[in-house]
Amino acid sequence: MMVYRGFLFKKADTLLHRLDPRVKFAMAFAIIVCSLLFEELLALTVLTVVLLPLARLGKVLKEWLQTLKGLSFLAIFIFAVNLVFIFFGSGKSWEFPAAMALRFLVVVSAFSLFFLVTSPDELGLALQQSKIPFDVVFALTMAIRFVPVLALEIQTIADAQRSKGLELDRGNLLMRIKRRIPLLIPLIVSSVKRSLEIAEAMESRGYGSDRPRTSLYQLKLRKVDYLFLLAIVSLLALSIYIKLVFPPFTLLP
Amino acid sequence: MILMEDVWFRYEDGTEALRGVTLQIEDNSALAVMGKSGSGKTTLIKHLNGLLKPVKGRVLVDGMDTREATVAQLSRKVGLVFQNPDHQLFAETVEEEIAFPLKNFGFPPEEIEKRVDWALNLLDLADYRHDSPLSLSGGEKKRVAIASVVAWKPKYLVLDEPTLGQDYGRKLELKRLFEKLRREGHSIIMVTHDVEFAAECKFKVALLVDGQILALGPAEEILSATELLKKASLTAPQLVELFQRLEVKPPVFEVEEAERFILKLAGKAQP
Ligand SMILES: Nc1ncnc2c1ncn2[C@@H]1O[C@H](COP(=O)(O)OP(=O)(O)O)[C@@H](O)[C@H]1O
Ligand SMILES: [Mg+2]
């Protein structure tokens, strides 16, 4: 339930926090691309391990590990499903299902790290300076801001319905899904209500009536940003090189 | 009887919401939990049906430790009405909304029908029985939320801010409902900011400050202790202030009583 915490900005003053948001995004993106390039266990393990010191550098190791912990259930599920359908189905190695699960972990935890060290404002600024229309940027940053509000709301709704004797974790999967309808409807209703209220509040303050807005802060790449970019590009280049030159390697002979 | 023994509670983010609360709720009693917003009122009542479990201390509901029972089991005895009705209304009609908990608790169909009718009449909602709960006004939604809990007749009825969005007339009806339920043997526990309403109901009052119970006593005593109320960031009810200024002792708490008193005063002043 609290996995979302691993995707919320945590304020701190570290090298990682000070990096340009675009560089941070490039970093997450590169790691994800690499994880898609390889299906070897070794390579994917290396990618996960690379994230660890980065999370430490950004002082978000605890939150990042929480994401991993929260996702481990899903990862095991992915492993199990792949094992059943691929391992037993095609006789491929057990490494493949394991790699799929690990790949999932890499992709999500890379995003988790990105959001942990990038404030919604910075993200908005980066998007805006990439010539994305302000309306879109605004909607996106607002959506990110409301994640904790929504999470708290789901909790309250679940508490209210559980107090009326609703047992969420009883019965088979289908029944469990059905039992969540009393949570879903109030959530949708109050979310729609809130968005209408916000829209009205914005309009009454003149949102959109002015010329395109400019921002006080301008993003500019610094030396350390270029260094990180260099590292990212090298990582990508190296990965592609390995992928092209070496035949697929496995851990087992 | 519900017993809270030195209950401490801390949220995941480290907020200490309850700091050693000890409280005894007798059978067939009436208690108002009062305090400013953020003082821990909602956290406290979520302990009564096991939604939250103490990190230290314990809560016993009729002798049952809340850590050893499910929320569903405890809720059968302790009915919680949440503050915001929008967080629970989901059914297509008011009738179904009220029937939902009854189905969860496994009441037989004839009994469900009977209780839904009873609860609808009790809260003056019979005209809306086939309407969507979402189409109702704020005050009506609140009443639907109360009806849906009252319908299973929990021994302890707990309400979070029941007077929000209700006008004076509705508040009086609520007071009468509480009196009726108490005659039938229920206990009422309500969380409220509304000093006027708490005075009117003459519940026992627990003042909560920063997760601790600062004072506990009859409404007449607590709600006329100006200094004490100040510590809980509350102000005395206007009636109490008025009669304190008139130096009438003991102060008057109910509007009807005050009316009689003032008429008597006026009658004496101009023969
Ligand atoms: N889910 C939560 N997570 C973290 N802190 C919370 C949560 N809910 C309430 N709190 C905090 O606990 C304290 C008591 O809150 P609450 O019981 O809701 O007070 P009240 O109902 O008196 O307004 C407040 O400081 C509040 O910010
Ligand atoms: Mg509250």
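Visitor: How do the residues in the lining of the largest pocket divide by class?

Guide: The lining of the largest pocket has 13 nonpolar, 14 polar and 13 charged residues, where Ala, Val, Leu, Ile, Met, Phe, Trp, Tyr, Cys and Pro count as nonpolar, Asp, Glu, Lys and Arg as charged, and the others, Gly among them, as polar. This is a predicted model, in which local features need pLDDT of at least 70 and side-chain atom pairs pLDDT 80 or more, while totals for chains, interfaces and linings use all residues. Residues are numbered from 1 along each chain, chains are lettered from A and ligands numbered from 1 in written order, and side-chain values use heavy atoms without hydrogens or water.

Visitor: And how much space lies in that largest pocket?

Guide: About 1200 Å³ of space lies in the largest pocket, a pocket being an open set of points on a 1 Å grid over the protein atoms alone, with protein on both sides within 12 Å along at least five of seven lines. Its volume is the space filled by probe spheres set on the points, which are joined across faces, edges and corners.

Visitor: Which residues lie nearest the centre of the largest pocket?

Guide: Leu152(A), Tyr11(B), Thr42(B), Thr43(B) and Lys46(B) lie nearest the centre, out of 40 residues that line the largest pocket (with an atom within 4 Å of a point). The elements that give two or more residues to this lining are helix 8 (147-162) of chain A and, from chain B, strand 2 (16-25) and helix 1 (41-46); helices here are DSSP runs of H or I with at least four residues, strands are runs of E with at least two, and both are numbered from the N terminus.

Visitor: Which element gives the largest share of that lining?

Guide: Helix 8 of chain A gives the largest share, with nine residues of the lining of the largest pocket.

Visitor: OK, what about the second largest pocket, how much space lies there?

Guide: The second largest pocket holds about 690 Å³ of space. It is lined by 33 residues, and the closest to its centre are Ser119(A), Asp121(A), Glu122(A), Leu125(A) and Tyr217(A). In chain A, helix 1 (15-18), helix 6 (120-129) and helix 7 (134-145) each supply at least two residues of this lining, and by class the lining of the second largest pocket has 14 nonpolar, eight polar and eleven charged residues.

Visitor: How many cavities does a search of the whole structure find?

Guide: The search finds two cavities of 30 Å³ or more, a cavity being a set of grid points where a 1.4 Å probe fits but cannot get out.

Visitor: What lines the largest cavity?

Guide: The largest cavity, with a volume of about 70 Å³, has a lining that includes Leu16(A), Met27(A), Ile31(A), Leu54(A), Phe114(A) and Val117(A). Helix 2 (21-37), helix 3 (41-57) and helix 5 (95-117) of chain A each supply at least two residues of that lining, and the classes there come to ten nonpolar, no polar and one charged.

Visitor: And which residues line the second largest cavity?

Guide: The second largest cavity has a volume of about 30 Å³ and is lined by Trp118(B), Val150(B), Lys153(B), Pro154(B), Leu157(B), Leu181(B) and His186(B). Five of these lining residues are nonpolar, one is polar and one is charged.

Visitor: Changing topic, how many helices and strands are in chain A?

Guide: Chain A has eleven helices and zero strands, whereas the secondary structure of chain B comes to eleven helices and ten strands.

Visitor: How much of each chain is buried?

Guide: In chain A, 37% of the 253 residues count as buried, meaning under 20% relative accessible area (1.4 Å probe, protein chains only), and in chain B buried residues make up 52% of the 271 residues. As for the boxes filled by the C-alpha atoms along the principal axes, the one for chain A is roughly 65 × 55 × 30 Å, and the one for chain B is roughly 65 × 45 × 30 Å.

Visitor: In what order do the four strands of the open sheet in chain B lie?

Guide: The four strands of this open sheet in chain B lie in the order 2-1-4-5, with antiparallel pairing, and two strands pair if DSSP finds at least two bridges between them. Strand 2 and strand 5 (64-65) of chain B are the edge strands, each pairing on one side only.

Visitor: How many bridges join strand 1 and strand 2 of chain B?

Guide: Strand 1 (residues 2-10) and strand 2 of chain B pair over seven bridges in the antiparallel sense, and Val7(B) stands opposite Val21(B) in strand 2. These two strands of chain B form a hairpin with five residues between them, and Gly14(B) in the turn has a positive phi of about 100°.

Conventions:
Buried < 20%, exposed > 50% of the residue type's maximum accessible area, 1.4 Å probe, protein only.
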